[in-house]
Amino acid sequence: MTWGPFNTSGGAKKTSLSSQVFLALVTACAAVAVVVTAASAFVFQNAFLADEHEQLAGECETLCSLLDQTEDDPSVLASLSLGNLRATLVAPDGQVLYDSSAEASTLPNHADRPEVAAALADGRGQSDRSSQTVGYVSLYNAQRLESGDVLRISVERASVVAFLSNDMMLLIALACAVVGVSWFVARRLSAGIVRPILEIDPAAEETSAPYEELGPLVCRLNEQHKQLISRMSAIQDANDMRREFTSNVTHELKTPIASISGAAELIRDGICRPEDVQDFADRIYKDARRLSSLVNDILMLSKLDETERAGERDSLFGPSERVDLLGVARDVCSRLERRAKKAGVRLKCEGVSTCIEGNARLLDELVKNLVENAIRYNREGGRVFVWVLPVDGRPTLRVSDTGIGIPEEAQQKVFERFYRVDKGRSRDMGGTGLGLAIVKHAAAFHDADIRLESDLGKGTSITVSF
């Protein structure tokens with residue numbers, strides 16, 4: 001199985017990995033075959049020439065032994081049948097006295113020939129030079145006689161070029177065979193190398209790397225797969241939350257709208273008694289305020305959600321500024337003092353002036369929702385304490401009450417939208433179910449941590465550390 005060329009959307013033609021591996025293997029095998037053949041030829045020639053020199057030296061020594069026993073060396077050499085050997089007799093001054101292949105008088109002085117010079121100096125000498133015949137090399141072996149003359153014999157042998165030329169057809173056939181075998185082997189190897197890569201499944205939860213070099217890539221694929229699953233899960237959760245939020249908003253809006261519509265209809269049609277008109281008008285007023293509060297909370301949450309998605313804090317709420325947290329807390333407590341007295345709850349705010357970088361409007365919403373909840377879920381004669389103090393070097397706001405408390409199983413859910421521990425009490429007290437959700441997002445906006453502590457029947461304490 002291989003990858004063939006394909007066109008991308010940009011029209012660029014891509015070459016498959018298997019083709020690249022295949023071509024590389026075939027080229028490497030062919031190159032190796034050529035290099036091995038040439039190297040073998042040179043090794044063979046060197047070994048062959050070494051044997052030839054050894055044999056030539058033996059024949060030269062035999063002739064020298066014969067000539068040392070005679071007086072007329074040129075005549076003895078002329079009477080011998082030397083075959084393909086060439087014999088040359090050189091005087092100590094380099095003059096050629098006899099040559100079996102040419103007239104001695106026509107030959108130049110041989111004193112500068114390496115093998116002759118070595119024989120004159122050391123008694124023996126040998127060399128090899130390119131022959132006048134193309135593709136051949138001449139081997140020379142010389143030995144000094146007792147008379148002082150030098151006997152040199154030589155023979156021509158085929159060089160590497162001649163060797164390769166003579167066996168060209170065989171070499172071509174061998175090269176074709178090597179390329180053919182390389183082609184087949186490379187095709188199988190390239191397919192075998194690429195197959196594990198093609199079998200990598202990017203959609204699998206956990207994929208192992210077929211090769212060590214692919215480890216980082218496969219690890220990255222596994223990480224991206226996990227991230228994709230996580231993002232898909234987050235998107236699904238967000239969609240579920242959005243549907244639930246829409247459903248809750250619809251339900252929460254319908255209740256006061258239905259109450260306002262019903263009461264107004266009764267007044268309009270004159271069905272209610274005159275003494276009940278004020279009661280109906282009061283009901284319309286309370287539901288309208290509840291509706292207004294709900295809409296304001298929904299708009300606030302929508303802005304916070306949009307800010308978190310965009311990652312730009314200043315786009316919807318303006319630039320951050322230096323805000324005195326104690327001043328915000330006292331202002332909120334001052335506005336809610338009347339509501340606390342009406343509920344029979346004592347409200348107290350203490351602390352030290354502590355400034356933070358933030359948004360005054362959001363900080364006001366955060367403190368207001370915490371204090372309103374503390375009043376709403378308190379009991380008559382209860383107390384609400386608001387403290388602003390630096391704790392461990394961090395500006396800290398704490399709102400505590402002596403109210404009904406929160407069951408342990410509900411403490412993780414109270415910051416969810418529209419979640420109410422006591423739904424009936426919340427609606428009676430005008431709660432929208434969005435207060436603590438706004439607190440959570442406002443705290444996140446300021447990179448603050450929230451800690452909730454509550455004992456059922458004893459009270460609740462919520463601490464926000466900036």
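1. V181 counts as exposed because its relative accessibility is 52% (exposed is over 50%, buried under 20%, partly exposed in between, with a 1.4 Å probe and protein chains only). V181 sits in helix α5, residues 168-198 (helices are DSSP runs of H or I, at least four residues, strands runs of E, at least two, numbered from the N terminus).

2. Keep in mind that this is a predicted model, where local features need pLDDT of at least 70 and side-chain atom pairs pLDDT 80 or more, while totals for chains, interfaces and linings use all residues. Numbering runs from 1 along each chain as its sequence is written, and side-chain values use heavy atoms, without hydrogens and water.

3. V181 also belongs to a nonpolar surface patch with F184, V185, L189 and I193, together about 440 Å² of accessible area (Shrake-Rupley, 1.4 Å probe, only the protein chains shown counting as cover). Such patches take residues with over 30% relative accessible area and no salt bridge, with nonpolar side chains joined within 5 Å and like charges within 9 Å; a salt bridge is a Lys or Arg side-chain nitrogen within 4 Å of an Asp or Glu carboxyl oxygen.

4. Now the inside: the largest nonpolar core has 38 residues, and L366, L370, V371, V386 and L397 have the most contacts within it (buried Ala, Val, Leu, Ile, Met, Phe, Trp, Tyr and Cys, joined through side-chain atoms within 4.5 Å). Helix α9 gives the largest share, eight residues.

5. Beyond neighbours within four places in sequence, L370 touches L397, V399, L436, V439, I462 and V464 (contact: heavy atoms within 4.5 Å).

6. Helix α12, residues 435-445, has nine of its eleven residues buried, including L436 and V439.
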